[in-house]
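Here's a quick tour of one protein structure, with the model open beside you. Take a look first, then work through the points below.

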Amino acid sequence: MEKLRSAVNEIAYAHTLSHLTLFHRSLLPFLSISSTLYKLVLSLRRSLYQHRFFQVQRLPVRVISVGNLSWGGNGKTPMVEFIALCFSRYGISPLVLSRGYGGGDEVNMLRRHLLGTPTKIGVGANRAAVARQFIQKYGYIDICKTSWHEKQYLEQKVHDCLDSEKIGVVVLDDAMQHWSLWRDLDIVMVNGLTLWGNLQLLPRGPLREPLTALRRADAVVIHHADLVSEHTLKDIESMILRIKRSVSIFFTKMDPTYLFEVGTINAKIPLTALHETTILCVSAIGSAEPFVKQIQKMRALYVDRIDFSDHHIFHAKDIEIIRAKLRELEEKFGSKPVVVITEKDYDRDPEILKQLYPFRVFVLCSVLKILPYSGSTEDSFKKFLKDHLKLEWPPAH
């Protein structure tokens, strides 16, 4: 199954068929038929929502959707975290809603990162129902009313901590195609390194919807922009603006901050620990290339990689594959290599990677940063949120 997933992914991001193996080409007829069927179902579903056969539900608070047009690796969850922290710092309690797909790795990571903030995290396929459960439990506040700001300051700083728990905004993780819930703001994430692959719909290509769906976006965020040339960034920007001239465009990157070792999560290790070491990057994420490129910047002696499909759950046989590669690297370079994984891989199963002992396993911790490029800054992004949601930010706490 892992081999098949890998082959489908390679086909989706192949810009020419000439380099594909016989096995890959044998899959093309099946994938093409499946993509045609997918397109028909997608069109029918969209039409049913447009003609109101399916109901679009509304929540009593502002809703922000963070999504994408292609499968994983677009930075959706880091952007959700960034937005949740932004509201939290202004004393507004966000509710993050996630499907909890893929073993809950992204949800577990969000819970770790947002611990100690007023953020609440709800998980479930029916996000409207989950949201109503949280709103019934904690209550809600209209963050667009001036009277709320006056009340919030007085009560938050004095005695009524329950009021600070009232939900002020909902942030949907991976919701571009979640049409059953009304949103006030649609943010679409794009992987600047891989873009939209061969521009075909699933499963023949990586697209969940045609590129024309960008017309629904209020903002498009080009992620991993630091790993892309300026010329390519301008081409991407032009492509997006041809689809929707009025859309706001921002640029982001993942900024590595520190490491921790599996088993000792609270001990921060500086990135310099990777200097002059032999590294094996192991990941099961939507797009491994940006992760590996970041590691390659860290003055390592040598960087190798093993990529698994997105959300892959490691088993004993995978540990043996990793261990065999580590022994090979140890023999080749005469020193013990280290393994580096992403936080998402760690949060999927923190225990199994301990089985690689005596080889050390480090987790790379990174935060999303908005790049100052082409008018895109952190301040301009916050202003974008404020203007589109018709907010008046109180002073940050």
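Let's start with a proline: Pro358 sits in the loop that runs between α11 (343–348) and β12 (361–370). Its peptide bond with Tyr357 is cis, with omega at about 15 degrees. Keep in mind that this is a predicted model.

**Backbone spots to look up**

- To find Pro203, go to the loop between β5 (185–191) and β6 (219–223).
- Arg299 isn't a glycine, yet it has a positive phi of about 55 degrees.
- You'll find Arg299 in the loop between α9 (289–296) and β10 (302–307).

**How the chain is divided**

- The protein chain splits into domain 1 (1–51), domain 2 (62–254 + 372–389) and domain 3 (255–367).
- Notice that domain 2 is written as two stretches, 62–254 and 372–389.

**Where domain 2 meets domain 3**

- On the domain 2 side, 18 residues make contact, and they touch 20 residues of domain 3.
- Together the two domains bury about 1600 Å² between them, and carbon and sulfur atoms give 57% of that area.
- Which three residues supply more than any others of the area that domain 2 buries against domain 3? They are Asp105, Arg112 and Met254, which supply 36% of it.
- There's charge pairing here too, as 5 salt bridges are found across the interface of domain 2 and domain 3.
- Arg112 also has a salt bridge to show you: its side chain meets that of Glu343, at 2.8 Å from N to O.

**Two helices that cross**

- Two packed helices are described by the angle between their axes and the distance between the axes.
- For helix α3 (residues 76–89) and helix α12 (residues 378–389), the axes come within 12 Å and cross at roughly 75 degrees.
- Are α3 and α12 roughly parallel or roughly perpendicular to each other? That crossing angle falls in the 65 to 115 range, so α3 and α12 are roughly perpendicular.
- From α3, the residues that meet α12 are Met79, Phe82, Ile83, Cys86 and Phe87.
- Their partners in α12 are Glu378, Phe381, Lys382, Leu385 and Leu389.
- Sort the residues of this contact by type and you get 8 nonpolar, no polar and 2 charged.

Key:
Residues are numbered from 1 along each chain as its sequence is written. This is a predicted model: local features need pLDDT of at least 70, side-chain atom pairs count only at pLDDT 80 or more; totals for chains, interfaces and linings use all residues. Side-chain values use heavy atoms; hydrogens and water are left out. Axes are lines fitted to C-alpha atoms, for helices over the stretch in contact, and angles run from 0 to 180 degrees between N-to-C directions. Helices (H or I, at least four residues) and strands (E, at least two) are DSSP runs, numbered from the N terminus. Angles under 35 degrees count as roughly parallel, over 145 as roughly antiparallel, 65 to 115 as roughly perpendicular and the rest as oblique. Contact means heavy atoms within 4.5 Å. Ala, Val, Leu, Ile, Met, Phe, Trp, Tyr, Cys and Pro count as nonpolar, Asp, Glu, Lys and Arg as charged, and the others, Gly among them, as polar. Domain bounds come from an automatic or database domain assignment. Buried area is the accessible area (1.4 Å probe) that two parts lose on being put together, summed over both. A salt bridge is a side-chain nitrogen of Lys or Arg within 4 Å of a carboxyl oxygen of Asp or Glu.
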